[in-house]
Amino acid sequence: MPNYEIGSKITHRCKDCYHDEQTILKVTPKEFSEKTAYILWTQCTSCGQNDTRLTTSE
Ligand SMILES: [Zn+2]
């Protein structure tokens with residue numbers, strides 16, 4: 001299971017306004033041959049712009 005919870009805040013820079021805090025909207029697993037990665041669907045807490053970020057469970 002990922003360490004990311006829906007609704008929690010992460011440090012991730014917004015591409016639009018460069019604010020560095022975003023809220024996690026959704027986490028979807030993405031299977032690779034050796035390990036599992038996750039796509040974080042985030043929303044900027046400042047301007048509301050949606051973004052995605054690929055991360056691993058390691
Ligand atoms: Zn923003």
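Buried residues account for 7% of the 58 residues in this protein. The model is predicted. Its mean pLDDT is 90, and 93% of the residues reach 70 or more.

The fold is quickly listed. The protein has four strands and zero helices. From the N terminus on, the order is β-β-β-β. Along the principal axes, the C-alpha atoms fill a box of roughly 35 × 20 × 15 Å. Take the contacts between residues at least 6 apart in sequence: 31% of them join residues at least 24 apart.

Start with the loop between β1 (9-11) and β2 (21-31), which holds Tyr-18. Tyr-18 is not a glycine, yet its phi is positive, at about 65°. Most residues other than glycine have a negative phi. Is Tyr-18 buried or exposed? Tyr-18 has 10 other C-beta atoms within 10 Å. Exposed means 12 or fewer, so Tyr-18 counts as exposed.

Now move to the hairpin of β3 and β4. Strand β3 covers residues 36-44 and runs antiparallel to β4, with seven bridges joining the two. Tyr-38 stands opposite Thr-55 in β4. Five residues lie between the strands of this hairpin, where Gly-48 takes a positive phi near 85°.

Why does β4 lie largely in the open? Of its seven residues, the number buried is zero, so β4 lies largely in the open. Burial would need 20 or more other C-beta atoms within 10 Å of a residue's own. Confidence is lowest in β4 (residues 50-56), at a mean of 92, and highest in β1, at 95.

How values were computed
Residues are numbered from 1 along each chain as its sequence is written. This is a predicted model: local features need pLDDT of at least 70, side-chain atom pairs count only at pLDDT 80 or more; totals for chains, interfaces and linings use all residues. pLDDT is the predictor's confidence in each residue, from 0 to 100. Two strands pair if DSSP finds at least two bridges between them. Two residues are in contact if their C-beta atoms, placed from the backbone, lie within 7 Å.
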